[in-house]
Amino acid sequence: MKKKYGVFAGMLTVSFMLAACADNSSQQEAEESGNDSGGDEGSSASSEDATEISFIHWRGEDEEVFDDIISQFEEENPDITVQMNIYPSEQYQSNAQQMLRDGSTGDVFTSFPGTQFETINNAGFFTDLSDEGFVENFAETSLEVGQSGGSQLAIPYQLVFNMPVYNKGMFEELGIEVPTSWSEYQEMAETLKENDITPIAFPGADIGPNQTMNSMMMNNAKNVDVFAQLESGEESLTNDWWVSTLEDFQYFNENGYFQEDALGTNQDSAMQMVADEEAAMLATGSYHMASLKDLNEDLELGFLPPITVPEEEVEYEGIHTATFMLAVNQNSEKKEEAKTFIEFLSQPDIASQYANETGQHLTVNDVEYDSEALQNTSHWIDEKDTRFQPRYLITEAAVEDAVLSSIENTLGGTAPGEAAEEAQQIVEENIGG
C-alpha cells in the first residue's frame, strides 16, 4: 500500500456549546450506584482514592465497547478511573482545541489528521510521545501522520477506508461485475438504474462532499502533493485536475448516479437507503460498515470507489486514512495516567476487541479480525494500491472550505469551471497568493 501522510486543523468556537450535546460515559455512575447498593467499604475507599482522567472523542457509535474496555482498564488499574465524553464529530472538530486549553478536559484526547492536528499542534497542546514504549505496538507505516518536527505527537488508532461501500449481494444477484474503468462504471450505474436502484446514496447535507471528493479525484490528480502546491500557490483549482473532478460530480448528479436532493440528504438517511436496498452504494467509508450491518444484518459489503478514468489510466484503487489519533494533553496534570490508558488500548487483545465490535481496521500490531466484514475487506490493507486521503493534506481550514464549497456549488447547479474559479479566489485570499 502506498502511504502518503499529512496534517490538519480545526476551527475555534465556544466549548460550552458542547456540554449540552455530549454523551457522557463515566465510571462515576457505577460508583454512585454502588453507594446506594451497599458495596463494600474497601472498594468505595479505593474508588475515592483513584485518579480520574478525562477521555474525549467523537465516535458515539463506539460508546458501548469503550464502556466495556474502560471497565477492564479500571479493574487492571484500580488507582485510575476514566471519564469518557463523546461529542458529535463536527462539533469536536470545531471545539476540541478550546476544551483542551486549561487541562481539565481531555487528559487523553483524539485528533483528526490534517487541519485539526495542525491547529492543536500550533497551540502546543500535544505531549511528545516519542519515547513511550507503547509506540512500538503500532504499525510503523501508520505513525507518520501523527508526527511533527521529528516528534510523535499523536498515534493513529484506526485505519479507515474513505471510499464508497457497496452491496456485494445485490451485484451478484444482478450479475454486475465490479468495474475497472470509467466505461464499465457507467454500464454498472445504468444497470442499477434500470432495476430502480439508486447507484450511490450520497449524504450531501453533511459528510458526502468531504468523503467522496477523495476517491473522485484520486486518479484525476495523481500528484499526491497537489494540495500542498495549491497552498503554496504553485497549483490552482481552475486547472484540469480539479475542474475535471467537479465535472464528474456534475455528471454523477445529472445522470442519476446520486439520489434526488443529494444535498439535502444526511448520512443517517443515506445509510437507511442502502440498508433498505434502495441504493447500491454508500458514499462514506468503512467506518459505516458496522452500522449498515446493524440496520440490515443480511448485507454483504465491500468497497467500490468511483472509477473516473479509462482502465489504463487507473493508478490508485482506493483511499485510506490513519485517524482517531490518540494523544495526551500537554496541559494535563495526569499525563502518566493518560499514557497508561493509551498503552492499555494498544494491547493486541484489547485492540482486537475494539476492532471486531466496532467494525474498524486498526493500526495496532497483531490485531486479529474475527468479524466477517473485516475479514472480507482486510485484503485492502496489503493487496490494494490505495492513496492517503487527499483532503487531510490540506492544512488551511479556509482552503478546505473553499474546495468543499466548490463541490456543493456544482451539485447545486453552478458550472464546474465557475465553481472552481470562485473557490480559487478564496484560496488566493487565504494563502496570500
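Which elements do the buried residues of α9 pack against? In this predicted model, they pack against α10 (226-232), α11, β12 (318-328), β14 (386-388) and α18 (397-411). Helix α9 itself spans residues 208-217 and is mostly covered, with 10 of its 10 residues buried. Among those buried residues you'll find G208, P209, N210, Q211 and the methionines M213, M216 and M217.

Helix α11 (residues 240-254) and helix α19 (residues 416-431) have axes that come within 9 Å and cross at roughly 130°. That angle makes α11 oblique to α19, and the crossing is right-handed. If you want to click through the contact, the α11 side is W242, V243, L246, E247 and Q250, while α19 brings P416, G417, A419 and A420.

**Aromatic pairs**

The model has a count of 29 aromatic pairs. Here are two of them:

| Pair | Centre to centre | Angle between planes | Arrangement |
|---|---|---|---|
| F66 and Y354 | 5.0 Å | 40° | tilted |
| F303 and W380 | 5.7 Å | 80° | edge-to-face |

The F66 and Y354 pair links distant parts of the chain: F66 belongs to helix α4 (residues 63-76) and Y354 to helix α15 (residues 348-358), 288 residues apart. F66 and Y354 are both buried.

As for the other pair, F303 is in strand β11 (residues 301-303) and W380 is in helix α17 (residues 379-382), so their pairing ties together parts that are 77 residues apart in sequence. F303 and W380 are buried too.

Most residues other than glycine have a negative phi, and that's the background for the next two. F324, which is not a glycine, has a positive phi of about 50°. Look for F324 in strand β12, one of the elements that the buried residues of α9 pack against. D366 isn't a glycine either, and its phi is positive at about 65°. D366 sits in the loop between β13 (361-362) and α16 (372-377).

Is each of these buried or exposed? F324 has a relative accessible area of 0%, so it counts as buried. D366 comes in at a relative accessible area of 64%, so it counts as exposed.

Methods. Residues are numbered from 1 along each chain as its sequence is written. This is a predicted model: local features need pLDDT of at least 70, side-chain atom pairs count only at pLDDT 80 or more; totals for chains, interfaces and linings use all residues. Side-chain values use heavy atoms; hydrogens and water are left out. Rings of Phe, Tyr and Trp (its six-membered ring) pair if their centres lie within 6.5 Å; planes under 30 degrees apart count as stacked, over 60 as edge-to-face and the rest as tilted. Helices (H or I, at least four residues) and strands (E, at least two) are DSSP runs, numbered from the N terminus. Buried means under 20% relative accessible area, exposed over 50%, partly exposed in between (1.4 Å probe, protein chains only). Axes are lines fitted to C-alpha atoms, for helices over the stretch in contact, and angles run from 0 to 180 degrees between N-to-C directions. Angles under 35 degrees count as roughly parallel, over 145 as roughly antiparallel, 65 to 115 as roughly perpendicular and the rest as oblique. A crossing is left-handed if the near helix is turned anticlockwise from the far one by less than a right angle, and right-handed if clockwise. Contact means heavy atoms within 4.5 Å.
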